[in-house]
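I am opening a notebook page for this structure and will write down what I looked up, entry by entry.

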Amino acid sequence: MEQNWNISMSTDSPDAVPYFNWDASVTNAQVRAALREGDEDDKLFWIARVMTEARYGDVWHYLSLRRDILPRWEKLRRRLGRKRPFWEFLIDRWQRDGLV
């Protein structure tokens with residue numbers, strides 16, 4: 001089956017399909033709208049998607065630690081799959097160091 005969209009490394013272009021949406025034609029604008037306006041299940045899905053599929057530096061182009069991740073941390077951690085140990089380590093260290 002042929003895909004009718006172009007995957008992009010751009011995290012800024014609203015019409016670009018970001019590389020972490022390699023399996024769905026969902027643009028940057030649509031991801032940001034879901035994060036901003038979606039119901040809680042949509043937000044959890046997209047936050048986890050960004051945290052697991054995007055490069056670490058790109059995560060912060062979409063998410064805020066204090067606004068998006070920390071308030072949902074207990075629900076999110078179950079959705080992080082192979083990236084769960086990475087994010088647990090970071091958040092634990094940030095908390096122990098008094099950064100969050």
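Which elements do the buried residues of α1 pack against? I looked this up with the reminder to myself that I am reading a predicted model, and I found that the buried residues of α1 have β2 (17–18), α2 and α3 as their packing partners.

**Entry on helix α1**

I then listed the buried residues of this helix, and they are Asn28, Val31, Ala34 and Leu35. Because they cover an arc of only 130 degrees around the axis, they lie on the same side of α1. On the face of α1 turned away from this buried side I noted the exposed residues Arg36 and Glu37. Between alanine 29 and proline 18, eleven residues apart in sequence, I noted a C-alpha to C-alpha distance of 10.0 Å.

**Entry on the whole chain**

I stepped back to the protein chain, whose secondary structure comes to six helices and two strands, and reading along the sequence I wrote down the pattern β-β-α-α-α-α-α-α. The C-alpha trace spans about 45 × 25 × 25 Å along its principal axes. I compared the radius of gyration with a rule for globules: a compact globule with 100 residues would have a value near 13 Å, and the protein chain has 14 Å, which agrees. Of the 100 residues, 39% count as buried, and the accessible surface comes to about 6200 Å², of which 49% belongs to carbon and sulfur atoms. Among the contacts with a separation of 6 or more, I noted that 45% are accounted for by residues 24 or more positions apart.

The largest nonpolar core has 25 residues, and the members that touch the most other members are Val50, Met51, Leu63, Ile69, Trp73 and Leu76. At least two residues of this core are supplied by each of α1 (28–37), α2 (40–53), α3 (56–62), α4 (65–69), α5 (73–76) and α6 (84–96). The largest share, six residues, comes from α2.

**Entry on arginine 49**

Is arginine 49 buried or exposed? This residue is found in helix α2, and because its relative accessibility is 14%, arginine 49 counts as buried. Its side chain reaches the backbone oxygen of phenylalanine 20 at 2.8 Å. Apart from neighbours within four places in sequence, I found arginine 49 in contact with Phe20, Asn21, Trp22, Asp23 and Ala54.

**Entry on tryptophan 94**

My last stop was tryptophan 94, whose place is in helix α6, and at 17% relative accessibility tryptophan 94 counts as buried. Not counting residues up to four places away in sequence, tryptophan 94 touches Tyr56, Trp60, Leu65, Leu99 and Val100. I also looked up tryptophan 94 and proline 14, which are 80 residues apart along the chain, and their C-alpha atoms are separated by 31 Å.

Technical notes:
Residues are numbered from 1 along each chain as its sequence is written. This is a predicted model: local features need pLDDT of at least 70, side-chain atom pairs count only at pLDDT 80 or more; totals for chains, interfaces and linings use all residues. Side-chain values use heavy atoms; hydrogens and water are left out. A nonpolar core is a set of buried Ala, Val, Leu, Ile, Met, Phe, Trp, Tyr and Cys residues joined through side-chain atoms within 4.5 Å. Buried means under 20% relative accessible area, exposed over 50%, partly exposed in between (1.4 Å probe, protein chains only). Helices (H or I, at least four residues) and strands (E, at least two) are DSSP runs, numbered from the N terminus. The arc is that of the directions from the helix axis to the C-beta atoms. Contact means heavy atoms within 4.5 Å. The radius of gyration is taken over C-alpha atoms; the globule rule is 2.2 Å times the number of residues to the power 0.38. Accessible areas come from the Shrake-Rupley method with a 1.4 Å probe; for residues, only the protein chains shown count as cover. A polar contact is a pair of N or O atoms within 3.5 Å; within protein, one must be able to donate a hydrogen and the other to accept it, and residues adjacent in sequence count only if both atoms are side-chain atoms.
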